[in-house]
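Please look through the sequence and the model shown here.

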Amino acid sequence: MKRILSLFFVLAALAAGAQEKTSTFSWSTPGTLSPSFAAPDENERSGDFVGSVKFTAGDVTFEVDDSGVTEQSRRARFHFNYTTRQVELRVYMDSYVTITAAEGRSISGIVLEGPQSDRYYLDMISPTEGVTYTPKPPMYERTEWTVPAGTTEVRFYADQRTQLTLTTVTTTDAAGVADIVADSPVAAPEWYTLQGVRLPRRPTAPGIYIERRAGLTGRILVR
């Protein structure tokens with residue numbers, strides 16, 4: 001009975017509050033960002049420097065820390081790519097990118113897009129546990145990350161020059177995430193829908209589900 005009640009309260013909280021929202025940073029159109037910037041073009045390919053600028057979209061902020069970069073030519077900035085004919089946000093080696101959820105929100109997934117957006121260029125350094133990395137075709141141009149429930153801040157480190165055209169961040173209502181509910185241990189993981197229906201196997205359809213494992217109950221996101 002105790003286990004049933006614990007699961008019931010977790011499901012009720014999730015159904016009530018764990019609403020997904022998507023925040024998008026369109027680096028290829030700097031004029032749409034907050035704050036906005038003028039877009040460079042083929043005549044003036046190097047745009048404004050944006051190190052330490054805190055961009056805001058929906059429930060998320062995005063900031064590049066390039067204070068450890070000494071060469072001016074390697075500071076974060078907008079750039080017109082003559083090959084792709086698109087504007088990019090360029091983040092250079094030894095820079096850090098921090099993505100932070102607004103108060104009351106938590107990050108569940110991040111998608112990075114651009115000619116050089118793979119983890120070979122920009123790798124997640126925090127959190128380190130429970131992170132899923134999925135490269136998508138074409139090679140190096142789209143990377144999907146999922147992070148553990150309750151994550152409010154994600155940090156990346158630029159190992160190489162990174163070229164971003166789009167960043168999409170999915171958040172959920174932290175008030176609706178009952179991250180861990182202590183209970184007696186179970187022999188194998190169990191999965192439920194938000195309506196409390198037990199599933200015969202780990203879900204594969206996109207959505208939010210409940211997972212019970214080793215006496216703990218929490219939310220998982222399937223993309």
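N81 belongs to strand β5, which covers residues 77-81; strands here are DSSP runs of type E with at least two residues, helices are runs of H or I with at least four, and both are numbered from the N terminus. The model is predicted, so local features need pLDDT of at least 70 and side-chain atom pairs count only at pLDDT 80 or more, while totals for chains, interfaces and linings use all residues. Residues are numbered from 1 along each chain as its sequence is written, and side-chain values use heavy atoms, with hydrogens and water left out.

With a relative accessible area of 8%, N81 is buried. Buried means under 20% relative accessible area, exposed means over 50%, and partly exposed is in between, using a 1.4 Å probe and protein chains only. The side chain of N81 reaches the backbone nitrogen of T83 at 2.8 Å. Beyond its neighbours within four places in sequence, N81 is in contact with Q86, E88, R90, P115 and Q163, where contact means heavy atoms within 4.5 Å.

R85 is not a glycine, yet its phi is positive, about 60°. Its relative accessibility is 42%, so R85 counts as partly exposed. D94, placed in the loop between β6 and β7 (96-101), also is a residue other than glycine with a positive phi, near 75°. The relative accessible area of D94 is 32%, which makes this residue partly exposed.

Two cis peptide bonds can be located next. One joins S34 and P35, with omega about 0°; P35 lies in the loop between β1 (21-26) and β2 (46-49). Another joins S126 and P127, again with omega about 0°, and P127 is found in the loop between β9 (122-126) and β10.

Which side chain makes a polar contact with the side chain of Y133? The partner is the side chain of D118, at 2.5 Å. A polar contact is a pair of N or O atoms within 3.5 Å; within protein, one atom must be able to donate a hydrogen and the other to accept it, and residues adjacent in sequence count only if both atoms are side-chain atoms. Y133 itself lies in strand β10 and is partly exposed, with a relative accessible area of 24%. Setting aside neighbours within four places in sequence, Y133 is in contact with D118, R119, T143, E144 and W145. The C-alpha atoms of Y133 and E144 are separated by 6.0 Å, and these two residues are eleven apart along the chain.

S117 is found in the loop between β8 (105-113) and β9. Is S117 buried or exposed? Its relative accessibility is 0%, so S117 counts as buried. Not counting residues up to four places away in sequence, S117 touches L112, Y140, E141, R142, T143, T162, Q163 and L164. Towards E141, a polar atom of the S117 side chain lies 3.4 Å from the backbone oxygen. S117 and Q160 are 43 residues apart along the chain, and their C-alpha atoms are separated by 9.8 Å.

On the surface, Y120, M139 and Y140 form a nonpolar patch with about 360 Å² of accessible area together. Patches are made of residues with over 30% relative accessible area and no salt bridge, joining like charges within 9 Å and nonpolar side chains (Val, Leu, Ile, Met, Phe, Trp, Tyr) within 5 Å. A salt bridge is a side-chain nitrogen of Lys or Arg within 4 Å of a carboxyl oxygen of Asp or Glu. Accessible areas come from the Shrake-Rupley method with a 1.4 Å probe, and for residues only the protein chains shown count as cover. M139, in the loop between β10 (132-136) and β11 (142-151), is exposed, with a relative accessible area of 62%.

Strand β17 (residues 207-213) is mostly covered, with five of its seven residues buried. Three bridges join β17 to strand β15 (residues 190-192), and the two run antiparallel; strands pair if DSSP finds at least two bridges between them. W191 stands opposite E211 in β17.

Over the chain, the secondary structure comes to one helix and 18 strands. Of the 223 residues, 47% are buried. The accessible surface comes to about 11100 Å², and 51% of this belongs to carbon and sulfur atoms. Among contacts between residues at least 6 apart in sequence, 69% join residues at least 24 apart.
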